[in-house]
Amino acid sequence: VARWEELSVDGVLADLVGLGSPCAVLCGLIARALEVDDPARRQRMRAEATLAGIADWQPTVRAAYARITQRRLTATQALYAATGLAPEEAARAGRFTLMALLGVYPILLTRGPLDARERAELVADLCARLLPPGCQETP
């Protein structure tokens with residue numbers, strides 16, 4: 001669980017913070033969520049899905065899963081706030097985005113691999129729909 005937290009929260013944020021603007025980081029998060037064809041990333045996503053199921057009945061895993069989810073949510077909401085959204089709207093946008101991105105793996109798992117064009121179109125569409133109006137970032 002500690003390694004999962006390191007890779008899925010600390011590692012992701014460290015990789016994306018160098019993108020610059022909060023809008024670019026948010027778009028980077030969206031793009032990263034769609035990287036399901038990378039074998040190492042796919043393995044982490046399978047582990048996360050398994051841990052989510054175990055968290056339903058195992059108190060130690062539930063506590064870790066709740067902590068990790070809260071860290072992700074707080075970071076996502078902070079990014080939206082940094083784009084200039086009001087705190088309440090940033091909180092709402094962060095919740096919606098996190099829910100959408102956590103659902104990516106099960107959906108893509110059932111449809112097979114994306115080719116480069118499909119992935120780019122999906123990233124662009126999600127960025128257009130999930131980023132605030134003031135963000136003009138492109139993937």
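This note sets out points on helix packing, salt bridges and selected residues in a predicted model.

1. Packing of α4 and α5. Helix α4 covers residues 59-82 and helix α5 covers residues 87-102; the two pack at an angle of about 130°, and their axes lie 8 Å apart. On the α4 side the contact is made by Thr 69, Arg 72, Leu 73, Thr 76, Gln 77, Tyr 80 and Ala 81. On the α5 side the contributing residues are Ala 90, Ala 91, Ala 93, Gly 94, Arg 95, Thr 97, Leu 98 and Leu 102. Sorted by class, the residues in this contact are 8 nonpolar, 5 polar and 2 charged.

2. Gln 77 is part of helix α4. Its relative accessibility is 18%, so Gln 77 counts as buried, the limit for that class being under 20%. When neighbours within four places in sequence are set aside, Gln 77 is in contact with Ala 90, Ala 91, Gly 94 and Arg 95.

3. Packing of α3 and α4. Helices α3 and α4 pack at an angle of about 125°, with 8 Å between their axes. At this angle α3 is oblique to α4. From α3, the residues Glu 48, Leu 51, Ala 52, Ile 54 and Ala 55 meet Val 61, Arg 62, Tyr 65 and Arg 72 of α4. The class count for α3 with α4 is 6 nonpolar, no polar and 3 charged residues.

4. Arg 119 belongs to helix α7 (residues 116-130), while Glu 35 is in the loop between α2 (22-33) and α3 (39-55); the pair is 84 residues apart and links distant parts of the chain. Arg 119 has a relative accessible area of 25% and is partly exposed. Glu 35, at 32% relative accessibility, likewise counts as partly exposed.

5. Arg 92 forms a salt bridge with Glu 88, and their closest N and O atoms are 2.9 Å apart. Both residues lie in helix α5, separated by 4 residues, or about one turn of the helix. Arg 92 is partly exposed, its relative accessible area being 38%, whereas Glu 88 counts as exposed at 59%. The salt bridges here form a network that links Glu 88, Glu 89 and Arg 92.

6. Arg 117 is joined to Glu 121 by a salt bridge in which the closest N and O atoms are 3.0 Å apart. The two residues are 4 residues apart in helix α7, so about one helical turn separates them. Glu 121 is partly exposed, with a relative accessible area of 46%. Helix α7 also carries Arg 119, the partner of Glu 35 in the loop between α2 and α3.

7. Gly 84 in the loop between α4 and α5. Gly 84 is located in the loop between α4 and α5. With a relative accessible area of 63%, Gly 84 is exposed, the threshold being over 50%. Gly 84 and Val 61 are 23 residues apart along the chain, and their C-alpha atoms are separated by 35 Å.

8. Pro 133 after α7. Pro 133 is in the segment that follows α7. Its relative accessibility is 76%, and Pro 133 therefore counts as exposed. The C-alpha atoms of Pro 133 and Thr 83 are separated by 9.7 Å, although the two residues are 50 residues apart along the chain.

How values were computed
Residues are numbered from 1 along each chain as its sequence is written. This is a predicted model: local features need pLDDT of at least 70, side-chain atom pairs count only at pLDDT 80 or more; totals for chains, interfaces and linings use all residues. Side-chain values use heavy atoms; hydrogens and water are left out. Axes are lines fitted to C-alpha atoms, for helices over the stretch in contact, and angles run from 0 to 180 degrees between N-to-C directions. Contact means heavy atoms within 4.5 Å. Ala, Val, Leu, Ile, Met, Phe, Trp, Tyr, Cys and Pro count as nonpolar, Asp, Glu, Lys and Arg as charged, and the others, Gly among them, as polar. Buried means under 20% relative accessible area, exposed over 50%, partly exposed in between (1.4 Å probe, protein chains only). A salt bridge is a side-chain nitrogen of Lys or Arg within 4 Å of a carboxyl oxygen of Asp or Glu. Angles under 35 degrees count as roughly parallel, over 145 as roughly antiparallel, 65 to 115 as roughly perpendicular and the rest as oblique.
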